[in-house]
Every structure is written in C-alpha cells, then in structure tokens.
Amino acid sequence: MPHKNVEPSIAYRLLYPGLTVMITSSWANLDDATPATSCTALSFRPALFGISISPQTFIHQLIRKSKAFAINLLSAKDIRSASIAGDISGRFNTRKVMDSGFTLLKAKKVNSKVIRGALGVIECSLEKRIPTGDHDLFVGKFEAAYAEADFSGYWTFNEYLPILYSGSTRNGTRHRFAQISKHFVEIPYQSDLAKEQVIDHTLRILRDKARQHPLDRSIAIRVVYEELNLRLSDSKYLVDHLLRQKKIRFGHGSKTSY
Ligand SMILES: Cc1cc2nc3c(=O)[nH]c(=O)nc-3n(C[C@H](O)[C@H](O)[C@H](O)COP(=O)(O)O)c2cc1C
C-alpha cells in the first residue's frame with residue numbers, strides 16, 4: 001500500500017498514543033496540575049527529564065517562577081480528572097485543581113506540590129528552558145522519585161494502567177480518546193538467537209579459510225575481525241567461545257581441525 005503524506009502540523013500524532021502524565025508546579029500560593037503527553041527521559045546520568053510546554057499555559061508560568069516541577073504518573077481511574085485539567089486553565093480558573101478532582105500534597109524535595117494518589121512521582125528542579133517553536137522544552141534535573149509497589153524496577157501493571165492519549169477529535173465529535181493498556185506480553189529476548197547466528201556464521205568463515213591454509217588462534221581472530229568487521233575484543237570472544245564449545249580446535253604446529 002502506498003504511504004499517504006502527513007501534514008507537518010499533525011505529524012506529531014503519528015507518535016500517538018502517548019503516555020499522558022500530570023505536571024504539577026507551585027509558586028507563591030498558586031498551584032497547577034496539567035496533563036502533558038510531551039514528556040520524556042532525556043539523560044540517565046545525570047538523570048534529566050524533558051517536558052514540552054506551551055508558553056500560553058499557566059503551568060509554564062509557575063515552572064518558570066518556581067524553577068521546579070513534578071511529573072505525576074496517574075492510573076486510568078483518574079482519566080476524567082486529567083481530561084478536565086487539560087480543558088481548563090489555571091490562569092482563568094483559580095479552582096482548577098479542585099474542579100478537576102485532584103488534591104495536592106507538598107512535594108518531598110522540591111518547592112512544589114504533587115498529586116495525592118499518583119502511582120509514581122518524579123520531582124525535578126528546572127535545569128534550563130529551551131524555546132522550541134510554539135512550545136518550550138523544560139529540562140528538569142532529578143531531585144527525588146518514588147512509586148507505589150506496582151513499580152519494582154519496572155512497572156508490573158497490576159495497579160498501574162497507563163493513560164495513553166490518542167487524540168481529541170474523531171468523526172466530528174469533541175471527545176478526547178484515551179487508550180488504556182493492560183495487556184502484558186512477555187517475549188523472550190532474541191539476543192541469544194542473534195548470537196547463535198553470528199557463531200554459525202563465524203564457524204562457516206573459519207571452515208572456509210581453514211580449507212585454504214592452516215589457522216591458529218591469532219590468525220583465526222584476525223580472520224573474524226576482518227571478515228565480520230567486528231571489534232577485536234568481540235572477535236577474540238567468538239574464537240575463544242568456539243574453542244570452549246569444541247567447535248574448533250587448533251592442533252600442534254598451528255594446524256587447524258574442525
Ligand atoms: C492528554 C493531553 C495532553 C496534553 N499535553 C500537553 C503537552 O505535552 N504540552 C502542553 O503544553 N500542553 C499539553 N496539553 C494541553 C494542556 O494540558 C492544556 O492547555 C491545559 O489546559 C493547560 O492548563 P494550564 O493553563 O492550567 O497549565 C495536553 C492536554 C491533554 C488533554
């Protein structure tokens with residue numbers, strides 16, 4: 001099927017469904033909680049997180065003033081509150097957080113608030129703001145993170161049903177569409193398979209070469225290095241692996257037998 005062109009203005013929707021988090025920030029006695037789909041981990045070390053926020057939003061003002069924000073992970077049961085918080089602005093409605101149905105608590109580390117009942121929270125101090133067109137990228141430095149038991153190195157999805165946003169208007173109706181995932185599929189790692197293929201390939205190459213002239217370990221490593229275009233350390237690993245597995249043998253006087 002031929003591809004159809006997608007307009008630049010809606011190309012971002014190709015990334016949907018996207019995880020929707022709630023961003024909270026507070027300054028003076030003002031609080032806000034706003035849904036954001038443009039949120040990602042930017043760096044592991046240091047731990048940095050990015051959120052792309054429109055300067056027209058109230059949360060933008062609060063983050064700039066307070067230099068702090070929190071990323072709150074909500075489960076599907078809070079989807080209506082998240083949607084309401086995405087429809088109204090704290091600039092015009094001072095009761096926005098309450099009207100959305102959220103209660104805020106003091107954050108643990110940063111001068112902000114977090115959502116009561118969030119399954120996970122990442123508290124950030126503002127590292128920098130990078131203007132990127134009609135949104136600004138706020139880069140947040142990790143200050144604290146905590147999660148309910150459902151997170152144990154990774155989410156197990158027993159409690160947490162991520163809110164995946166997939167667009168606001170379909171078939172002319174004004175509705176937000178959220179996809180909520182629960183299915184957890186376990187797929188075995190393929191790395192062993194890939195490794196086996198490389199080992200078979202290496203063996204074939206060494207057999208071919210050995211027919212032409214005898215090999216010893218260092219020649220075999222060189223052959224693998226050159227033929228497979230691998231790092232020297234990986235070539236050594238492969239040859240030694242084949243030796244250990246007794247798939248190749250170097251006889252006395254550097255003679256090779258397979
Ligand atoms: C599911 C969803 C995701 C959104 N993602 C973002 C986002 O990533 N960045 C952004 O600036 N606005 C985003 N918005 C829009 C803001 O949430 C919306 O403009 C909100 O009313 C702003 O509130 P505030 O002015 O109180 O901050 C999103 C809205 C929804 C419903």
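The legends below describe close-up views of one predicted model. Residues are numbered from 1 along each chain as its sequence is written. Because the model is predicted, local features need pLDDT of at least 70 and side-chain atom pairs count only at pLDDT 80 or more, while totals for chains, interfaces and linings use all residues.

View A. Seen here is an open sheet of 7 strands in the order β3-β2-β6-β9-β10-β5-β4, with antiparallel pairing (strands are DSSP runs of E with at least two residues, and helices are runs of H or I with at least four, numbered from the N terminus; two strands pair if DSSP finds at least two bridges between them). β3 and β4 (39-43) stand at the edges, each with a single partner strand, so one side of each is left without a neighbour in the sheet. Neighbouring strands of this sheet are turned against each other by 35° on average, direction ignored (axes are lines fitted to C-alpha atoms, for helices over the stretch in contact, and angles between N-to-C directions run from 0 to 180 degrees).

**View B. Strand β5 and its two partners.** β4 and β5 run antiparallel and are joined by 4 bridges, with F49 in β5 as the bridge partner of A41, and a hairpin of 4 residues leads from β4 to β5. β5 also runs antiparallel to β10, through 6 bridges, and the bridge partner of I53 in β10 is D136.

View C. In α1 (residues 58-66), the buried residues are F58, I59, H60, L62 and I63, and they pack against β2 (21-27), β3 (30-36), β5 (48-53), β6 (68-73), β9 (120-132) and β10 (135-147) (two residues are in contact if their C-beta atoms, placed from the backbone, lie within 7 Å). Just after α1, K67 takes a positive phi of about 60°.

**View D. The largest nonpolar core.** This core has 36 residues, of which M22, I23, A70, I71 and L74 touch the most other members (a nonpolar core is a set of buried Ala, Val, Leu, Ile, Met, Phe, Trp, Tyr and Cys residues joined through C-beta atoms within 7 Å). β6 gives the most to this core, with 5 residues.

Definitions and conventions. A residue is buried if 20 or more other C-beta atoms lie within 10 Å of its own, exposed if 12 or fewer, and partly exposed in between; C-beta atoms are placed from the backbone.
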